[in-house]
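Begin with its sheet, then turn to its charged pairs.

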Amino acid sequence: EEQTAAPQNYFLEQNFPNPFNPVTTIRFGLPAEGRSVQIVRLEIYNTLGEKVRTLFAGPLSAGTFAFTWEGRDDHGRAVPSGVYLYRLQASGYTAWRKMLLVK
């Protein structure tokens, strides 16, 4: 996890690299918006809508963040190749993106 200056608006970038094997980075931004801290969730789902991994859940201050995912579930098991969705939730903001894991 890396943090830089606060952006003007919420954003969730496309993961990089995409497609990926074995590791990808997901970047997102949280504006200050009068809140010093926001409760944030960054989660990964399979195409059936089942949660595969929670990359982050907890409080974050405003800023730009980067988290890496190494293609493993919450139990540390490698997940199969395929399309995955990731979701960012923070305050009233929700965004989804797709990514492709190729082994």
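## Terms and source

Two strands pair if DSSP finds at least two bridges between them. Helices (H or I, at least four residues) and strands (E, at least two) are DSSP runs, numbered from the N terminus.

This is a predicted model: local features need pLDDT of at least 70, side-chain atom pairs count only at pLDDT 80 or more, and totals for chains, interfaces and linings use all residues. Residues are numbered from 1 along each chain as its sequence is written, and side-chain values use heavy atoms, without hydrogens and water.

Four strands form an open sheet in the order 5-4-7-8, with antiparallel pairing. Strand 5 and strand 8 (93–101) are the edges, and each pairs on one side only.

Strand 7 (residues 82–90) pairs with strand 8 over nine bridges, in the antiparallel sense. Here Gln89 stands opposite Thr94 of strand 8.

## Salt bridges

A salt bridge is a side-chain nitrogen of Lys or Arg within 4 Å of a carboxyl oxygen of Asp or Glu. The count comes to seven salt bridges. One of them joins Arg27 and Glu13 at 3.2 Å, N to O. Arg27 lies in strand 3 (residues 24–30) and Glu13 in the loop between strand 2 (11–12) and strand 3, so the pair ties together parts 14 residues apart in sequence.

Glu43 forms a salt bridge with Arg87 (2.6 Å, N to O). This pair links strand 4 and strand 7, 44 residues apart. Glu43 also meets Arg41, with the closest N and O atoms 2.7 Å apart.
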